[in-house]
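Here's a quick briefing on a fold, to read with the model open in your viewer. We'll go from single side chains out to the sheet.

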Amino acid sequence: MRNLNRQVFALIKLWSIFELAVSVTRYTRIICYKLKNMRKVIAAINMTLDGFCDHTEGIPDEELHEHYTELLANAGVILYGRITYQLMQFWQTLIKNPSGERAMDEFAVAIDKIPKIVFSHTLKNTEWESAKLSNKPIEQEVSELKQQPGKDILVGSRSLIIQLIQLNLIDEFQLCVHPVVVGKGLPLFDKIKDRTFFRLLKTKIFGSGAVVLYYEPTRQ
């Protein structure tokens, strides 16, 4: 009788271990699926050959506008700081009064359509129907966006990119380097504390000589 009780206990223990293993496997699969399908945070910005960020110093030709129109169409939201956001408000005028240049007008439609979240301590309203002011710290805002279903999250302002680099929340960099040297300005990788390694995913070359470098941090 005692031996039978031991065998029953051993079977119960074995079954409990089996159930635990199944639960862990199921949970691991769920986590892997969520990580695989989580929205990426993509830093997409123009910069000069000498490393400065200035949207007004690039080569805004038809090919470049087509590139960014496609990028916006495949994203779910774009994040801006106040200065870049106010610069982008120029495109509102082309919605009301198209330029007649196909690539520019299509980009205007794309930037008007995509939801925009603006981080500012001074703006009271965005004056753009598809834009809203964030009332959360950027780390919280981005973390919550990543958990939500939808297309990828673009970041289009130097100041926000620097903050998100420090927070290790950038999943991919798309740096459009223009063949222009300006000698002064605001560097993208400014006041970075930690050394970071990157893996080159691909490149895209424009007729103007501008090159988009696609990198992802390796998080070493």
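This is a predicted model: local features need pLDDT of at least 70, side-chain atom pairs count only at pLDDT 80 or more; totals for chains, interfaces and linings use all residues.

Residues are numbered from 1 along each chain as its sequence is written, and side-chain values use heavy atoms, with hydrogens and water left out.

**His67**
- You'll find His67 in helix H2, residues 62-73 (helices are DSSP runs of H or I with at least four residues, strands are E runs of at least two, and both are numbered from the N terminus).
- Setting aside neighbours within four places in sequence, His67 touches Lys204, Phe206, Val212 and Tyr214 (contact means heavy atoms within 4.5 Å).

**Asp105**
- Asp105 sits in helix H5, residues 102-113, and is buried because its relative accessible area is 16%.
- Beyond its neighbours within four places in sequence, Asp105 has Leu94, Pro98, Ser99 and Gly100 in contact.
- Leu94 is 11 residues from Asp105 in sequence, with 6.5 Å between the two C-alpha atoms.
- A polar atom of the Asp105 side chain lies 2.8 Å from the backbone nitrogen of Ser99.

**Helix H6**
- Helix H6 (residues 138-147) has Ile138, Glu141, Val142, Leu145 and Lys146 buried.
- Looking down the axis of H6, those buried residues fall within an arc of 130 degrees, so they line one face of the helix (the arc is that of the directions from the helix axis to the C-beta atoms).
- The cover over the buried residues of H6 includes strands E1 (41-48), E3 (75-81), E4 (116-119) and E6 (152-155), plus helix H7 (158-166).

**The sheet**
- Eight strands make an open sheet with mixed pairing, in the order E5-E4-E3-E6-E1-E7-E10-E9 (two strands pair if DSSP finds at least two bridges between them).
- Strands E5 (131-133) and E9 (198-205) are at the edges with a single partner strand each, so one side of each has no neighbour in the sheet.
- On average, neighbouring strands of this sheet are turned by 25 degrees against each other, direction ignored (axes being lines fitted to C-alpha atoms).
- E1 and E6 pair in the parallel sense over three bridges, and Val41 stands opposite Ile153 in E6.

Technical notes
Buried means under 20% relative accessible area, exposed over 50%, partly exposed in between (1.4 Å probe, protein chains only). A polar contact is a pair of N or O atoms within 3.5 Å; within protein, one must be able to donate a hydrogen and the other to accept it, and residues adjacent in sequence count only if both atoms are side-chain atoms. Axes are lines fitted to C-alpha atoms, for helices over the stretch in contact, and angles run from 0 to 180 degrees between N-to-C directions.
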